[in-house]
Amino acid sequence: MQGEPRFSAADRERQWEALGQGTYDLLVIGGGVTGAGVARDAVGRGLKVALVEASDIGGGTSSRSSRLVHGGLRYLENLDFGLVFEALRERGRLLELAPHLVRPLPFLFPVYEGDPTGLLKLTAGMWLYEVLSLFRAPKRHRMLGRSGALEVEPRLSPEGLTGGALYYDAQVDDARLTLAVARGAYEAGAILVTRARVVGLAPSVTAAGRAEVEDTLRQRRTTVTARVIVNAAGPWSDRIRALADPGVSPRLRTTKGVHVLVERERVGNRNALIFRSRLDGRVMFVLPWGGTTYIGTTDTEYSGDPADVVAGEEDIRYLLDSANAIFPEAKLEMRDVFSTWAGVRPLLAPEAAEQLSESATSREHEIWRDPTGLLNIAGGKLTTYRSMAAETADAVAAILEERFEVRSGRYYTEYVPLPGAPEEDTEEAARRAAPAGVDPAVVAHLLARYGSDAPGILELIAEDPALGRPLVPGRPYVRAEVVHAARRELALTLEDVLRRRLQLFYEVADGGLSAARDVAEILAAQQGMGWDAAFVEEEIQRYAEAVRRTRPARD
Ligand SMILES: Cc1cc2nc3c(=O)[nH]c(=O)nc-3n(C[C@H](O)[C@H](O)[C@H](O)COP(=O)(O)OP(=O)(O)OC[C@H]3O[C@@H](n4cnc5c(N)ncnc54)[C@H](O)[C@@H]3O)c2cc1C
């Protein structure tokens, strides 16, 4: 039985009330993977922690990445060995601690005549990558000749192909990874409220600071008092810093990255590919995602509000043309695009920003304290969130001890599985919970996505068999997942469910609009949602608009 709803709308009132009470050791601003990681680490150390997020968990950059948990082969070219080593170490940990979210993925790196990375250089790079991972890649790499590369990827352009490397990295559902980290923080006792935007900020170096927080669902405000305030607002970080000091100099150099998703058989890729775009020599990806393939990414200067970022027609054409050049039979056009996503990279501005191209700007992170007392964490990657969070929590602990005589231990997140990580008896429990007649493919889908939560979702179907019906024909998602998203995964809107808990927003051409009414009705029936018939209609309209914004105009 799933029991009482937790991490849900039903619990939000209690969480909101708690925000305004007492003094927290730590307030985290931002519920992306970085902020969620900091909150989880700090609460694990026994600290009193609150986190506020303006939109949804992972609603910012953390659900708009290339979905790779990787060392970043191309950073080897920038000689960023420290970054690659750290990322490869974290890749190994995440494969162990969240096997339901992070999966090994074979990559082909094809080499063409005239490429700056010839076969010899690639061989050296591959060995370096293995060495930096301490030989812990999911599988050892293999160098291939021209025919070997074509055997691995038969639809690849053979013209000028000299060979390639087959190697392994990992892929993740970025939104669900972020959600798991946030849920870990919540389950350990952090107060966590979404649709809660910081609108005023008065941090302090010597005493507790304050943040004015607006509940954008219920139009009300509260003040949070905290000894340390961490700004983990990703690409919004400079805006948060400016709330505390309007004269502060910006530290970020934000760039936009776009992906497009198409049906996999249109491209015909069997594996993931990392390659150089024939258009401008930039390193790009073609990545498999179930029955679909996504292509990314662009990297262009972006200074607007990260909340407004969308893929432009030029971005989409560049990605399609780059993929068509190495998969010439694909002949992808605008009308083949199911969906797009665009994210803003919270990169740190280098000293001499103008001397570096966007792609060469460092992905490394930095933790610093502003003169106002605000502690900032910015930069980094999804892959390295855990180590960044541990370092930030160390900095928080040091301030608490020095200034406030609050002592805390260390929390070894490197050894603690993320919520949902399957246990020894998970498969057996799922088989027992599955009512007769449930499609074994549904059981497999739930186990693969939810790990140890799968039996609870199957129990929902046992109680109400209608919840076992698919949301959209031909896709594995069932109605019970919507109930689970509302009761256990803090989903508060249609977009939370269809875009970030499930992937229907991206994976079907209509963005799951055909299921929007069913989903809205299931959500409206959940405790604490408070949706009436008029709100359901408005919500469907809002969702349709979000879908429209991520689809290119058809030719
Ligand atoms: C196109 C692209 C591809 C990428 N691919 C990869 C990849 O494959 N692998 C990898 O490891 N990394 C990748 N990255 C990098 C990675 O996605 C980011 O480094 C990471 O997600 C940043 O997380 P964050 O928590 O710092 O920021 P965010 O996820 O943006 O979180 C910040 C949060 O702060 C919230 N916020 C803003 N203002 C306020 C406020 N006033 N009050 C409360 N909350 C507020 C926002 O709503 C947001 O949710 C990619 C990035 C991009 C853009």
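How far from an oxygen atom of the ligand does a backbone N or O atom of R67 lie? The separation for R67 is 3.5 Å, and a backbone N or O atom of T61 lies 2.9 Å from a ligand oxygen atom. Taken alone, the ligand exposes 1,000 Å², of which the protein buries 95% (areas by the Shrake-Rupley method with a 1.4 Å probe).

This is a predicted model, in which local features need pLDDT of at least 70 and side-chain atom pairs count only at pLDDT 80 or more, while totals for chains, interfaces and linings use all residues. Residues are numbered from 1 along each chain as its sequence is written, and side-chain values use heavy atoms, with hydrogens and water left out.

The ligand is surrounded by 38 residues (a heavy atom within 4 Å), and the closest are T34, E53, S62, L68 and T383. By class, this shell holds 14 nonpolar, 18 polar and six charged residues, with Gly counted among the polar ones and Asp, Glu, Lys and Arg as charged.

G32 sits in the loop between β1 (23-29) and α2, where helices of at least four residues and strands of at least two are DSSP runs. G32 counts as buried because its relative accessibility is 19%, the limit being under 20% with a 1.4 Å probe and protein chains only. Leaving aside residues up to four places away in sequence, G32 touches E53, G58, S62 and T178 (heavy atoms within 4.5 Å).

Conventions. A polar contact is a pair of N or O atoms within 3.5 Å; within protein, one must be able to donate a hydrogen and the other to accept it, and residues adjacent in sequence count only if both atoms are side-chain atoms. Buried means under 20% relative accessible area, exposed over 50%, partly exposed in between (1.4 Å probe, protein chains only).
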